[in-house]
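Subject: Handing over a structure, with notes

Dear colleague,

I am passing on to you the structure shown just below, together with some notes on what turned up in it.

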Amino acid sequence: MVNIVLMIFLVVFVLGYWRFDDIRRYYWQKKYQDKQLTTQQQHLISKVMPVYRRLSSIQRHKLDRHILWFLDNISFLGRDGLVVSEAMKWVIAADACLLVIEKPWPIYRNVKQILLYPSAYYAGQEARDSAGLVSFHQVIRQGESWPGGTVVLSWHDVLEGNRLPGDGHNLVFHEFAHQLDQETGATTGTPHLPDATAYKNWSRVFSRAFNHLKASMAYQMPHVIHSYGATNEAEFFAVVTETFIEKPAALRQFDSELYHLLCNYYGFDPSCWY
């Protein structure tokens, strides 16, 4: 009798572990399906994110539920004396969740906490010279994305990204694009994709676009994507994500193949919002 009970428990445990994401998704759908933002909360988001008013009713409902989920499951910690208000959390959550508006739960599988500084901050950086000697120095940063699930943001730069929604720069988009990239276990500029064909197509289009940006910077030619994207493939993915959402028409005209690849990955066409 004891062996049968243990066997049943083991089967239930294995099935539960195997279907853990499905079980969590079902629980979250039941928990959040009837929840919606208050009028005051919607007004706040509309004020800092003008495209919110231009989303379809279905998209707004998805975004609202994602925001509520985000605030329930991800913690915020102020640094350098910053007291994090509820409004600050809502602004960051809205920006972050816009990226994954068409993706199912769990969104941002690895993100656990957000460290929020008042403005740009000093961070330690390790450097290795040609002789192999390692040195440490301080650099000024606006944000970071750590593979362990921490996102670091400068509140001043978060506000600047929302104040100028069409300039192609948004710190939250940038750092959370890194988190999507890091879901594969590495920071390579290639996020998790559905199959081998998708990876092959991504590699072809992104390699071409990345090399084009590097060549443009080398010859000081104008480009719709910011020059920081030429740093490496990971930064290219984060920067082109900012461009995709904030300057969709310009990116589509400049490189329609890259634009449609991003539409397929994110599941939406941001040109409909402008």
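A nonpolar core, as the term is used here, is a set of buried Ala, Val, Leu, Ile, Met, Phe, Trp, Tyr and Cys residues joined through side-chain atoms within 4.5 Å, where buried means under 20% relative accessible area, exposed over 50%, and partly exposed in between, with a 1.4 Å probe and protein chains only. Please keep in mind that this is a predicted model, in which local features need pLDDT of at least 70 and side-chain atom pairs count only at pLDDT 80 or more, while totals for chains, interfaces and linings use all residues. Residues are numbered from 1 along each chain as its sequence is written, and side-chain values use heavy atoms, with hydrogens and water left out.

The chain as a whole

The chain has 274 residues, of which 43% count as buried, and its secondary structure comes to 11 helices and six strands; helices (H or I, at least four residues) and strands (E, at least two) are DSSP runs, numbered from the N terminus. Its accessible surface is about 14900 Å², with 57% of that belonging to carbon and sulfur atoms, as calculated by the Shrake-Rupley method with a 1.4 Å probe, where for residues only the protein chains shown count as cover. If contact is taken to mean heavy atoms within 4.5 Å, then among contacts between residues at least 6 apart in sequence, 63% join residues at least 24 apart.

In soluble globular proteins, nonpolar side chains tend to be buried together. Here the largest nonpolar core has 73 residues, and those with the most contacts inside it are Phe70, Leu98, Tyr108, Phe176, Leu258 and Tyr266. Helix α5 (residues 86-99) provides the largest share of this core, namely 10 residues. Apart from this core lies another, of five residues, among them Tyr117, Tyr121, Ala123 and Val152. As for Phe176, when residues up to four places away in sequence are not counted, this side of the picture includes contacts with Phe70, Ala96, Leu99, Tyr108, Val111, Ile114 and Val151.

Helix α3 (residues 39-48) has Ile45, Ser46 and Val48 as its buried residues, and these pack against α4 (57-73), α5 and α6 (155-163). In helix α7 (residues 171-182) lies His178, which counts as buried at 6% relative accessibility and touches Ser145, Thr187, Ala234, Glu235 and Ala238, again without residues up to four places away in sequence.

Strands β1 (residues 75-78) and β2 (residues 113-117) run parallel and are joined by four bridges, two strands being taken to pair if DSSP finds at least two bridges between them. Within this pair, Phe76 stands opposite Ile114 in β2.

Ser75 is found in strand β1 and is partly exposed, with a relative accessible area of 38%. Leaving aside neighbours within four places in sequence, Ser75 is in contact with Lys112, Gln113 and Ile114.

Salt bridges

How many salt bridges does a search of the whole structure find? The search finds seven, a salt bridge being a side-chain nitrogen of Lys or Arg within 4 Å of a carboxyl oxygen of Asp or Glu. One of them joins Arg208 to Asp255, with the closest N and O atoms 2.9 Å apart; Arg208 lies in helix α8 (residues 196-218) and Asp255 in the loop between α10 (248-254) and α11 (256-266), so the pair ties together parts that are 47 residues apart in sequence. Asp255 is buried, at 11% relative accessible area, whereas Arg208 is partly exposed, at 35%.

Arg208 also meets Glu257 in a salt bridge (3.3 Å, N to O), and this pair links helix α8 with helix α11, the two residues being 49 residues apart. Salt bridges that share partners join Arg204, Arg208, Asp255 and Glu257 into one network. Arg141 forms a salt bridge with Glu144, where the closest N and O atoms are 2.8 Å apart; Arg141 is partly exposed, at 22%, and Glu144 counts as buried, at 14%.

With best wishes
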